Amino acid sequence: ACRRTKLMFVRLLSLFILIMLAASAASWLMAQPGNLSIEWLGWQMEMPSSLAVTLVVVFALILVFFDRLQRALRSMPGWLGGRWRERRDTAGHRALTLGLMAVSAGEPVEARKQAARARRLLNAPQLTGLLSAQAAHLAGDHAAARRYFTALTDDQDTAFLGQIGLMRLAVDAKDSPAALMAARKALDLKPQSALAATQLLQLHADQQNWTAALDVIAIVIKDRKKQTGTVPELLVRQHIALYYLDGLAALETEEDTARATGQFLAALRNDPAFLPAIFALTDLYLKNDSKRKAIKLLETSFALVPHAGIADWLLALWDDNDGNSIARLIKLIPKKPEPLQQAAYHIVSDMAASKGLDGEAKRLRALHDASMAAFGWQCGVCKSRHDSWHSHCPACGQFAGLKWQQPEKVTPLLGD
């Protein structure tokens with residue numbers, strides 16, 4: 001406002017100075033002596049030269065006025081059209097804004113109404129097409145949404161959004177091949193897209209394509225680290241599970257023991273207490289006549305995650321008498337945390353009792369807090385409990401949802 005006031009003052013001052021100069025020039029001309037005589041076709045006209053100059057100036061000003069007037073009249077249709085287009089664009093952008101707000105609020109009727117209005121008023125097919133697709137998707141009109149999203153894929157600027165929309169439609173329709181194709185195309189357009197990579201991760205995991213899932217989970221993890229500085233626990237578990245499952249696939253389908261060993265080790269580097277990888281790598285070591293490596297792995301693992309299966313394997317591999325084997329197991333019992341220590345006491349006491357070492361079993365049971373819940377496989381999403389690990393939770397289908405832990409709440413133990 002201050003700048004506008006200053007500009008107006010400058011214009012008024014300039015006009016005043018111009019008027020003063022014109023008045024001074026007119027006064028000077030009037031004071032000058034001399035006459036102007038004109039003869040034409042027998043007519044003679046005489047006037048003071050100052051008046052003649054004044055008439056010439058007035059005539060010039062009239063010419064300038066009429067020139068400006070005809071220019072204004074010629075430009076009037078364009079100006080009126082521009083104002084009309086401006087009002088139309090304003091109304092179109094308002095409809096676009098209201099449509100996006102309706103989509104965010106989950107109101108399909110209003111979203112489709114505003115999408116149709118924006119499409120009619122605006123010459124912006126990318127924006128109006130995206131709004132129309134979202135509105136149709138929200139309203140459950142998948143055929144229309146698919147038509148709009150497909151149209152978006154024809155434009156280089158909106159192709160990624162079109163593929164993401166087609167991917168979501170296919171996921172809603174449980175059409176995994178179509179969803180996989182659209183997600184791949186979206187990732188080809190934007191190779192670092194966490195949105196496309198997250199969906200591909202789930203699709204590849206559902207199809208047990210572990211190698212491809214490993215490729216895309218790296219993109220998701222990188223994005224989460226960049227956005228929040230941390231990686232969610234479930235995503236970490238999925239990464240570990242993929243290393244293990246890819247190792248199993250290499251072993252079962254290709255008999256590639258080198259790759260399998262590398263993948264099992266990668267899983268254990270991320271989580272040294274991941275029991276499926278511990279057992280798989282131990283079995284692989286034994287098949288390759290690496291008994292010493294197997295024993296070392298099991299001893300390290302028992303101290304991290306006491307488990308009856310690890311204890312059974314150690315007793316079989318140590319080739320020692322029962323008393324010495326139990327004593328060696330006792331040395332491996334972790335000092336903390338207490339829940340793992342209590343689990344180890346329970347395991348070793350049962351082992352001692354099964355070997356007829358009743359005195360040692362009694363002593364160990366005295367150290368064991370029987371009120372503490374036993375460890376088991378529990379889904380972090382639906383909280384169901386299971387007696388063995390699965391790539392997908394048998395109850396809710398969550399990939400890598402099972403975790404070896406004490407139960408968080410009372411849930412039924414589901415047989416697998």
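Is tryptophan 377 buried or exposed, and what is its relative accessible area? In this predicted model, tryptophan 377 is buried, with a relative accessible area of 7%. Buried here means under 20%, so the value of 7% places tryptophan 377 in that class.

The overall form of the chain was examined next. The chain contains 17 helices and six strands. Its radius of gyration is 42 Å. The globule rule gives 22 Å for 416 residues, and 42 Å is well over that, so the chain is more spread out than a compact globule. The C-alpha trace spans about 150 × 45 × 40 Å along its principal axes. Of the 416 residues, 35% count as buried. The accessible surface comes to about 25,200 Å². Carbon and sulfur atoms hold 59% of that surface. Among contacts with a separation of 6 or more, 50% are made by residues 24 or more positions apart.

Aromatic side chains were then considered. A pair of aromatic rings is described by the distance of the centres and the angle of the planes. The structure holds eight aromatic pairs. One of them joins phenylalanine 274 and tryptophan 389. Their ring centres lie 5.5 Å apart, with 85 degrees between the planes, and the pair is edge-to-face. Phenylalanine 274 lies in the loop between helix 11 (257-270) and helix 12 (275-287). Tryptophan 389 lies in the loop between strand 4 (385-386) and strand 5 (402-405).

Tryptophan 377 sits in strand 3 (residues 376-379) and tryptophan 404 in strand 5. The pair links distant parts of the chain, 27 residues apart.

Phenylalanine 274 and tryptophan 389 also belong to an aromatic cluster. Tyr244 and Phe264 are the other members of this cluster.

Charged side chains were also found over aromatic rings. Arginine 147 lies over the face of tyrosine 148, at 5.7 Å from the ring centre. Lysine 190 lies over the face of phenylalanine 160, at 4.7 Å from the ring centre.

How values were computed:
Residues numbered from 1 in each chain as written. Predicted model: local features only at pLDDT ≥ 70, side-chain atom pairs only at ≥ 80, totals over all residues. Heavy atoms only, no water. Phe/Tyr/Trp six-rings, centres within 6.5 Å; stacked < 30°, edge-to-face > 60°. Helix = DSSP H or I, 4+ residues; strand = E, 2+ residues; numbered from the N terminus. Buried < 20%, exposed > 50% of the residue type's maximum accessible area, 1.4 Å probe, protein only. Lys NZ or Arg CZ within 6 Å of the ring centre and 35° of its normal. Rg over C-alpha atoms; globule rule 2.2 N^0.38 Å. Contact = heavy atoms within 4.5 Å. Areas by Shrake-Rupley, 256 points an atom, 1.4 Å probe, with all protein chains shown as cover.
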